[in-house]
Amino acid sequence: MTVNDLRKELAESKKIVITTHHKPDGDAMGSSLGLYHFLCSLGHEVHVVTPTDYPYFLHWMPGHPEVIDFLQDPQRAAELVAQADWVFCLDFNNLSRINELGELVRNSSAKKAMIDHHLEPEGFEDFRYWDTTSCAAAEMVYRLIVDLDMKNHINKDVATCLYTGIMTDSGSFRFPSTTANVHRIIADLIDAGADNSR
């Protein structure tokens, strides 16, 4: 499935679940919540389901109150995955990384999208957006939005979440994966309203 195919899929309202890896970090939550706000802006019914809790210092992020922790509400999480048209899997590429949630995703009739930058993907997905040279899954989400020709949907909440993911996974822009293009993306996100001082 290509980016053009995904664009056609997203042209009609869908039930979408976004999930990320066990004990999510800043990139996991930044990419997930960034994608959440983007897909909500397109009119989809979207839920973020994490396999576990995540650090308190990330609870300030826009969209945090709507996140469903699988361990706290497994029945609700299972219902959402079972009813989904699409499940977006961010910042991981093997379903074992989401614990018990992995088998629910595997057995769901939903189409699966993987957006990731880690080596050796398992291959469970219908749509793959994957680049091991990318510094963060949040960078991948930004690039996907641009490839979908929907950059105009990067609002303040999308930008703030994606900025957080890129900043944390790049070691506050110190790691070698922080290319000149990463700084250009960060500039775009600040222009779009990212609250970088926060």
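Residues are numbered from 1 along each chain as its sequence is written, and side-chain values use heavy atoms, with hydrogens and water left out. Because the model is predicted, local features need pLDDT of at least 70 and side-chain atom pairs count only at pLDDT 80 or more, while totals for chains, interfaces and linings use all residues.

Helix 5 spans residues 137–147 and includes Glu 139; helices here are DSSP runs of H or I of at least four residues, strands are E runs of at least two, and both are numbered from the N terminus. Glu 139 has a relative accessibility of 6% and therefore counts as buried (under 20% relative accessible area; exposed is over 50% and partly exposed in between, with a 1.4 Å probe and protein chains only). Leaving aside residues up to four places away in sequence, Glu 139 touches Ser 134, Ile 166, Val 182 and Ile 185, where contact means heavy atoms within 4.5 Å.

Ala 138, Glu 139, Val 141, Tyr 142 and Ile 145 of helix 5 meet Val 158, Leu 162, Gly 165 and Ile 166 of helix 6. The residues of this contact comprise seven nonpolar, one polar and one charged (nonpolar: Ala, Val, Leu, Ile, Met, Phe, Trp, Tyr, Cys and Pro; charged: Asp, Glu, Lys and Arg; polar: the others, Gly among them).

Asp 91 is buried, at 2% relative accessibility, whereas Asn 99 is partly exposed, at 31%.
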